Amino acid sequence: MTISLNKAGKARNQQSVSVIEGGLANAPAMAAKDIVMGIRMWRLWGRQGWNDILQRYRRSLLGPFWLTASMAIMVVALGVLYAELFKIKVDTLLPYLCLGLIVWTLLSSFLTEAGSLFTGSEAYIKQIRLPYSVYVYRSCWSKLIIFAHNVVIYIGVILYFDIWPGAAALLAIPGLAVVLLNGLLLSLCIGMVSARFRDIPQIVTSLVQIAFFVTPIFWTPELLRGRSFALDFNPFYHLVEIVRAPLLGTVPSAKNYLAVALITLVNLIVAGAFFTRFRARISYWV
Amino acid sequence: MPTLALEDVSVSFPIYHGGSRSLKKSLVFRGSGGQLATDANDRIMVEALRHVTLQTEVGDRVALIGSNGAGKTTLLRVAAGIYEPISGAVRTHGRISPMFDISLGIDGEISGYDNILMRGLILGLSPDDIESRMADIVAFTELGDYLDLPVRTYSSGMVTRLTFAVATCFQPEILLMDEWIMAGDAAFLEKAQHRIEGFVEKASTLVLASHNADILKRWCNKGIFMQQGEVKFTGDVDGALEAYAAAVVSSPHPVH
């Protein structure tokens, strides 16, 4: 019998005792531990998130800025086209559309990519025990990086049209944080349900497509002419608005904030309950 | 001192074959009343582990023996915390590391160095820990400046070297192995075997599932024989092999 006294001595001192019990008695504690342990592994998911993006654009000239370039082309093309169609001035519509698209891209990527959140990491899940939240943080982080690349377009647009949003723009920062939190919670839920029921990703994709058209991204709320109930009950509108409005120099309405608070609360409860109840099942499902 | 303890652990897998995995069936059956609902809920469950209780101490080298489907891999995965048991408890004391797929996390697009770093991070080590062992790993791979290049540019022999070095660089206290690891490259074989032997010797506890009686006899001092998800024999390795041999007499499964 030999006990190793190699260089791992340091790791050895912090004896890791772990108990995993079956049943649901410990489920809330295990779920909370998972979330905290996941945050502690930020070095891992930080790198993985970067690699996910670099992977796609490796050896291309612009690298991740291809994201920016293709988004910029879309913003300009749609901005000019819809300004003409809706008879709105380009310098009003284009900045609006630019921000709408950037925030929508962030939000919708959470939903459409959530389907493969756990099933796509099957190789890891089946081979080693990692906190499940690591996979969620990783995807959230890479989406934030993409968002940051797209923000460059917004800066270009406000410089070109000489727009200065003023102090209201600062409200976009908590707004973005709330959008990320909701995206994270939604993708956790969808990721888990998708691991169990393989039709979910397809359903989500088609719903997201419809949501894009019914949410004011490339059209403005004024065009609804009084039928604003269509907006009040659209959660995506409120989530987009709390980031878009400040960056255009207006403070989002109290209604927006109230709706977002409600959405976040529901999301927290649903995701929390789901994760607590079914966390241990994820490895069986993938 | 116990290093790994399974207490009355049971694990069963629902088989979501074909339709029953889709939402359609679940919804359709739920809507169509009692008779068919039993059909939908009457999932086939595979009982992979049934009331397994076992305990390992420091210094134990446990051979896990049993025919295919006896529950060896499931037991290792439960011990590694990958599957949380349906009932019962798993207690581990010490850093536990599964060695099931040694190429896990090897990414062809990133450099050899980054692959080593990523593996360390996956195992929960700090960058300092990884850095302190980097020289040893680099020396072992003999890849030199190639470590700065993306792994996809490597020859298959070079990939084997890297994979092997990466897999054996961070020493666990409890080592779980599903089949003994073989390194393909002939020139590298001896060095690799030497390294894996050192790696296994340093672990305070080894649980090795294998069909190779020679390897089990050479490396293990204890044995567990499993059959249909149950532990049928616990004792020394020879006893476990005999129990296995006795059990397969009437069955068509080969011993090796």
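Me: What does contact mean for this predicted model?

Reply: Contact means that heavy atoms lie within 4.5 Å. The model under discussion is predicted.

Me: Which residues are in contact with B:E197, leaving aside its neighbours within four places in sequence?

Reply: With those neighbours set aside, B:E197 is in contact with B:R218 and B:W219. B:E197 itself belongs to helix α7 of chain B, residues 186-202.

Me: Why does B:E197 count as buried?

Reply: Buried means under 20% relative accessible area. B:E197 has 19% relative accessibility, and therefore it counts as buried.

Me: How many residues apart in sequence are B:E197 and B:Y244, and how far apart are they in space?

Reply: B:E197 and B:Y244 are 47 residues apart in sequence, and their C-alpha atoms are 26 Å apart in space.

Me: What makes β8 and β9 of chain B a pair of strands?

Reply: Two strands pair if at least two bridges are found between them. Strand β8(B), residues 222-227, and β9(B) are joined over 6 bridges in the antiparallel sense, so they count as paired. Within this pairing, B:I224 stands opposite B:T234 of β9(B).

Me: What is the strand order of the open sheet in chain B, and why is one side of β5 and of β9 left without a neighbour?

Reply: The open sheet has 6 strands in the order β5-β6-β7-β3-β8-β9, with mixed pairing. Strands β5 (96-99) and β9 (230-236) of chain B stand at the edges with a single partner strand each, so one side of each has no neighbour in the sheet. On average, neighbouring strands of this sheet are turned by 15° against each other, direction ignored.

Me: Which helix packs on this sheet?

Reply: Helix α3 of chain B, residues 72-79, packs on the sheet and touches β3, β5, β6, β7 and β8 of chain B. The direction of helix α3(B) makes about 155° with that of β6(B).

Me: How do you know that β4 of chain B pairs with strands of chain A and chain B?

Reply: The threshold is at least two bridges. Strand β1 of chain A (residues 17-21) is joined to β4(B) (residues 87-93) by 5 bridges, running antiparallel, and β1 of chain B (residues 2-14) pairs with β4(B) over 5 bridges, also antiparallel. Both therefore meet the threshold. In β4(B), the bridge partner of A:V17 is B:H93, while that of B:E7 is B:A89.

Me: What classes of residue line the largest cavity?

Reply: The lining has 8 nonpolar, 1 polar and 2 charged residues. Among the lining residues are A:Q127, A:I128, B:F100 and B:R119. About 80 Å³ of space lies in this cavity.

How values were computed. Residues numbered from 1 in each chain as written. Chains lettered and ligands numbered in written order. Predicted model: local features only at pLDDT ≥ 70, side-chain atom pairs only at ≥ 80, totals over all residues. Heavy atoms only, no water. 1 Å grid on protein atoms, 1.4 Å probe; cavity = no way out; pocket = protein on both sides within 12 Å on 5 of 7 lines; lining within 4 Å. Points joined across faces, edges and corners; volume = space filled by probe spheres on them. Nonpolar A, V, L, I, M, F, W, Y, C, P; charged D, E, K, R; others polar. Helix = DSSP H or I, 4+ residues; strand = E, 2+ residues; numbered from the N terminus. Axes fitted to C-alpha atoms, helices over the stretch in contact; angles between N-to-C directions. Buried < 20%, exposed > 50% of the residue type's maximum accessible area, 1.4 Å probe, protein only.
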